[in-house]
Amino acid sequence: MRALVVTPDAPSCLALTEVADPAPTPDQVLVEVEHVSLNHGELLLARTGTTAPGVVHGWDAAGVVARTAGNGSGLAVGDRVLTFGTSGAWAQRRAVPVAEVAVVPDGVDLPVAATLPVAGVTALRALRRSGTLLARRVLVTGASGGVGRIAVQLAARAGAHVIASARRTDGLAELGAHQVIANLDDLAPESVDVVVENVGGDQLVRAWRALAPGGVIQSIGYTSGGPAAFPAYTTVGPAKSLTSFYMGPGLGADMAYLLDLVATGALAVHVGWRGPWQRYDEAANALVNREVNGKVVLDVD
Ligand SMILES: NC(=O)c1ccc[n+]([C@@H]2O[C@H](COP(=O)([O-])OP(=O)(O)OC[C@H]3O[C@@H](n4cnc5c(N)ncnc54)[C@H](OP(=O)(O)O)[C@@H]3O)[C@@H](O)[C@H]2O)c1
């Protein structure tokens, strides 16, 4: 089969190469992949050499079950499914544990479904870990991106007052943001309760300034790549938290929840770039260079 394989001397450190088909273990289903989505983090892992050469890369894939798991999975050949794993997505076929699979409901297109695993489950779990959101003020930084656009919608749906922050602010009010800002300095000190923080650097420092006592910053990502210099004594005072975040495994149930929201029109996914997987390099550069609003989807053939 063909797959995008980590190749350090290739553009974006990935090459479309012939590799052996995956051999599913008894708890894995084999899926014919039709669409994959790109995430900021996996692009960096390939480009920085963190993922070993020769690995079939990619986390999110949607497709059709070609072979069910040996130990019974409730899935049938031909089912349309969404899948997650820490490698193996960007290939014509993928073997994936049943715990990382969700059936895609009728009415949800596979390219749309493909955007949900990492971005959607990260937004969901970060908000869930932040406690009740009803009538609380939630700031989402990098709100135009994959995680951000879903976090804005889920927080609004949970009853929060949502403040979306991004350079590209278009469409964020329509997703449910009550306030849309391009500069975190516009926020009063100690005026938000929860921060879904995707950008790091200066924005992390400004988000800390805006965080009220008792509040929490979920440090999800670091797209800025810059240093975070906290002015003296800004970390001293009434207790508030900056906590590291990792999405973790076992996405099946949460992916199913998000797919149901999409099926009922309660969650919108914006695909800002879509094309054949042969154009991987162009798509990856567009995402990393902040030229894409929302998600990138590649069609696998
Ligand atoms: N911890 C975890 O388990 C976990 C899981 C998923 C994702 N992540 C991380 O979360 C972050 C967001 O992921 P994503 O998939 O949503 O990324 P994304 O789609 O690329 O969105 C990130 C957003 O951040 C903003 N941004 C990008 N570069 C920036 C820069 N240099 N300075 C300031 N803002 C910048 C962009 O908005 P504007 O250009 O409009 O400002 C962009 O829309 C990434 O760092 C990713 O690695 C972590």
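Leaving aside neighbours within four places in sequence, which residues is Thr122 in contact with? In this predicted model, local features need pLDDT of at least 70 and side-chain atom pairs count only at pLDDT 80 or more, while totals for chains, interfaces and linings use all residues. Residues are numbered from 1 along each chain as its sequence is written, and side-chain values use heavy atoms, without hydrogens and water.

Thr122 is in contact with Pro117, Val147, Ile220, Phe245 and Met247. Contact means heavy atoms within 4.5 Å. Thr122 is found in helix H3; helices (H or I, at least four residues) and strands (E, at least two) are DSSP runs, numbered from the N terminus. Thr122 is buried, at a relative accessible area of 6%. Buried means under 20% relative accessible area, exposed over 50%, partly exposed in between (1.4 Å probe, protein chains only). The Thr122 side chain reaches the backbone oxygen of Val118 at 2.7 Å.

The largest nonpolar core has 48 residues. Such a core is a set of buried Ala, Val, Leu, Ile, Met, Phe, Trp, Tyr and Cys residues joined through side-chain atoms within 4.5 Å. Val138 and Leu154 have the most contacts inside this core. Elements that each supply at least two of its residues include strand E8 (137-141), helix H4 (146-157) and helix H6 (252-263). H3 gives the most, with seven residues. Domain 1 (2-118 + 248-299) and domain 2 (130-244) both contribute, so the core lies between them. Domain bounds come from an automatic or database domain assignment.

Beyond four places in sequence, Val138 touches residues including Leu127, Ala155, Ile163 and Val196. A second, separate core of 22 residues includes Val6, Val33, Leu43 and Leu287.

Methods:
Polar contact = N/O pair within 3.5 Å; in protein donor to acceptor, adjacent residues only side chain to side chain.
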